[in-house]
Number of protein chains: 2
Amino acid sequence: MSVAQEFEAANAKYAASFTKGDLQLPPQRKVAVVACMDARLDPARALGLEEGDAHVIRNAGGRVHDALRSIIISQQLLGTREIVIVHHVSIPVLANVASAKTFQTNCGMLTFTDDVIRGKIQQDLHQNADHIAFLPFGDLRQSVRDDIKLLKDSPLVLDVPVTGYVYEVENGRIVKIE
Amino acid sequence: MSVAQEFEAANAKYAASFTKGDLQLPPQRKVAVVACMDARLDPARALGLEEGDAHVIRNAGGRVHDALRSIIISQQLLGTREIVIVHHVSIPVLANVASAKTFQTNCGMLTFTDDVIRGKIQQDLHQNADHIAFLPFGDLRQSVRDDIKLLKDSPLVLDVPVTGYVYEVENGRIVKIE
C-alpha cells in the first residue's frame with residue numbers, strides 16, 4: 001500500500017468526525033507561521049493551532065526567502081498581521097557540542113552546503129543545479145536573525161511583529177531568538 | 001498579548017508532555033507532502049501524520065514550483081520516495097456552483113490574478129512586484145494536474161509515485177484527482 005493510500009484511509013476517519021465546515025478563509029488569529037518542513041516538527045500541535053487559526057508556510061529550513069510569495073499573499077489578500085518563524089535544532093547543536101547523536105537530530109539544513117547537494121545531483125541525476133540556492137545554514141540562531149532581518153528589510157512585506165524561535169527536537173520546546 | 005506569546009504558552013503545555021525526543025531526521029514514512037498554507041487545512045490531522053512521519057511543505061496554493069528546492073533536498077538528502085500534493089477547494093467550486101458562500105470557503109488562490117495583487121501592492125505599498133509570479137489558478141483540479149506534471153517533467157526530481165488531492169474545507173475530505 002502506498003503512503004497515499006494510507007493517507008486516504010486516515011482521512012476517511014478524520015472526515016467522519018469533522019465538525020469545522022464553517023471556517024472562514026482569512027486566518028482567525030491573523031498570523032502567518034513560517035516553519036521548517038522537518039518531519040519531527042508539527043507546528044499545529046507544538047504551537048496550539050486549531051483549524052482556521054493561521055497560515056502555515058513550510059519549506060526546507062523554514063527560510064523566509066522561499067516563503068515571500070506566500071507571505072505577501074497572506075498579508076495583502078488574507079489580512080495576517082503577525083509573522084512567527086520556527087527553525088529547529090537539536091540541543092547539542094545549540095550548545096555547540098558535536099556528537100554522533102547530533103547528526104541524527106539536528107536540522108538537515110546544517111548538514112550540507114550548496115556544493116555538496118549540487119555535486120550529488122550531478123553525480124546521481126547528471127543534472128546541473130547551479131541555478132538553485134538551497135539555502136543551507138551554518139548557524140541556527142543566526143539563520144533566524146537573518147530571516148527576521150530579511151522580512152524587516154523587504155519593501156513588499158508589511159511592518160508587522162515578527163518573532164523567531166528554534167524548536168528543540170529532543171524536548172518539543174520553542175526557544176525565542178533575540 | 002501577541003499571538004507569539006500565545007504560542008509560547010501553548011508550547012509550554014506541549015513540551016510538558018512531550019515523549020518523542022528520539023525521532024530520527026529522515027522521515028519515517030519516506031514521503032513529502034506539498035500542501036496549501038490555508039489555515040483550515042491541518043495536514044497532520046487530515047492525513048494521519050505523527051511527528052517524525054513526513055516532510056510537510058506548505059505555501060500559498062500548495063504549488064510545486066515554489067516547493068522544488070525543498071523537494072530536491074527531501075529526496076536527495078533525506079530519502080523520501082513518494083510525493084503527495086494537497087490543494088484545497090470548497091464543494092461549490094468543485095461543482096461549478098458560484099455562491100456567496102463560495103467566496104468564503106474556496107482557496108484564496110482562486111480569488112485573484114497576478115495583475116490584481118500587483119496592483120494592490122503598487123497602490124498600498126508603492127512598490128513594483130512584477131518580478132514575482134504569485135501562481136494563482138483558475139481551476140483547482142487542473143492546478144493539481146499541472147503540478148503533478150511539473151514534478152514528472154523536472155529532471156531534478158526523482159521518478160517516484162506522485163498522488164494529487166483536493167481537500168474539501170466543508171467536510172474535511174481529500175478527493176483524489178486523476
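Predicted model: local features only at pLDDT ≥ 70, side-chain atom pairs only at ≥ 80, totals over all residues.
Good morning. I begin with helix α3 of chain A, which is mostly covered, with ten of its eleven residues buried. The buried set is A:Leu68, A:Arg69, A:Ser70, A:Ile71, A:Ile72, A:Ile73, A:Ser74, A:Gln75, A:Gln76 and A:Leu78. After the helix comes A:Gly79, with a positive phi near 75°.

Chain A contains seven helices and five strands, and read from the N terminus their order is α-β-α-β-α-β-α-α-α-α-β-β. Of the 178 residues in chain A, 58% are buried. Among contacts in this chain with a separation of 6 or more, 63% join residues 24 or more positions apart. The accessible surface of chain A is about 7,200 Å², and carbon and sulfur atoms hold 52% of that area.

I turn to the interior. In soluble globular proteins, nonpolar side chains tend to be buried together. Here the largest nonpolar core has 64 residues, and those touching the most other members are A:Ile83, A:Phe134, A:Leu151, B:Ile83, B:Phe134 and B:Leu151. What is B:Ile83 in contact with, leaving aside its neighbours within four places in sequence? Its partners include B:Val31, B:Ala32, B:Ile71, B:Leu151, B:Val157 and B:Val162.

Next, the open space. The largest pocket has a volume of about 530 Å³. It has 20 lining residues, and nearest its centre lie A:His65, A:Asp66, B:His65, B:Asp66 and B:Arg69. Helix α3 returns at this point: α3 of chain A and α3 of chain B are the elements that give two or more residues to this lining. The largest share, three residues, comes from α3(B). By class, the pocket lining comprises eleven nonpolar, five polar and four charged residues.

Of its twelve lining residues, A:His55, A:Leu78, B:Cys36, B:Met37 and B:Gly108 are closest to the centre. One of these, A:Leu78, is also among the buried residues of α3(A). Thank you.

Definitions and conventions
Residues numbered from 1 in each chain as written. Chains lettered and ligands numbered in written order. Heavy atoms only, no water. Helix = DSSP H or I, 4+ residues; strand = E, 2+ residues; numbered from the N terminus. Buried < 20%, exposed > 50% of the residue type's maximum accessible area, 1.4 Å probe, protein only. Contact = heavy atoms within 4.5 Å. Areas by Shrake-Rupley, 256 points an atom, 1.4 Å probe, with all protein chains shown as cover. Core = buried A, V, L, I, M, F, W, Y, C linked by side-chain atoms within 4.5 Å. 1 Å grid on protein atoms, 1.4 Å probe; cavity = no way out; pocket = protein on both sides within 12 Å on 5 of 7 lines; lining within 4 Å. Points joined across faces, edges and corners; volume = space filled by probe spheres on them. Nonpolar A, V, L, I, M, F, W, Y, C, P; charged D, E, K, R; others polar.
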